[in-house]
Amino acid sequence: MAKTLKHPAKNLSSSRSTILFDYGDTMHAVINTNHDHDFGPDHQESYIKWEGTKGAIIAKIGLLMDYPDGVPDVFEYCIVEEGRSPEWKTVKLEGSWFPEAFIGTMANLMRYNEGSTDVLNTSVEDVINTMAVVESAYQSSDIGGIKVK
């Protein structure tokens, strides 16, 4: 399920999105982005959050906050351990999800192309499947919810 919205006062398209990945009655993931938050840095949000039965992860996508300057990405996790209070831990990250997230994939593709490796870690199918998810989110947003009279 997804909803993407235009800015209400500016000529921008899809500046806000909320996407819920529904994996049945007990599992989901949420992506919430706002590319045009003009109310100061204190309450900007751009994150991906995973919650499971034994832990949770929150990944803040810093580039999408204070865009185009961005803020540092943050990766936090909490693992539930029996008899202990939940404790969030932060993993120190270097760089930013963009472009660093693509460096490994592109380097692998270049090494594969030049012949220095025979292993291609990603495939065209991965890209096609990712774009299918993106297009599905846009379709979900276009369809809208159930209207109550």
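Start by selecting Thr105, Met106, Leu109, Leu120, Thr122, Ser123, Val124, Asp126 and Val127: together they line the second largest pocket. A pocket here is an open set of points on a 1 Å grid over the protein atoms alone, where a 1.4 Å probe fits and protein lies on both sides within 12 Å along at least five of seven lines; lining residues have an atom within 4 Å of a point. H1 and H2 are the elements giving two or more residues to this lining; helices are DSSP runs (H or I, at least four residues) and strands likewise (E, at least two), numbered from the N terminus. Color by class and you get 5 nonpolar, 3 polar and 1 charged, with Ala, Val, Leu, Ile, Met, Phe, Trp, Tyr, Cys and Pro as nonpolar, Asp, Glu, Lys and Arg as charged, and the others, Gly among them, as polar. Its volume is about 160 Å³, meaning the space filled by probe spheres set on points joined across faces, edges and corners.

Remember that this is a predicted model: local features need pLDDT of at least 70, side-chain atom pairs count only at pLDDT 80 or more, and totals for chains, interfaces and linings use all residues. Numbering runs from 1 along each chain as its sequence is written, and side-chain values use heavy atoms, without hydrogens and water.

Next, pick Ile19, Ile31, Ile48, Ile61 and Val134, which lie nearest the centre of the largest pocket, lined by 26 residues. About 850 Å³ of space sits in there. H2 gives the largest share of that lining, 6 residues. Of the lining residues, 15 are nonpolar, 8 polar and 3 charged.
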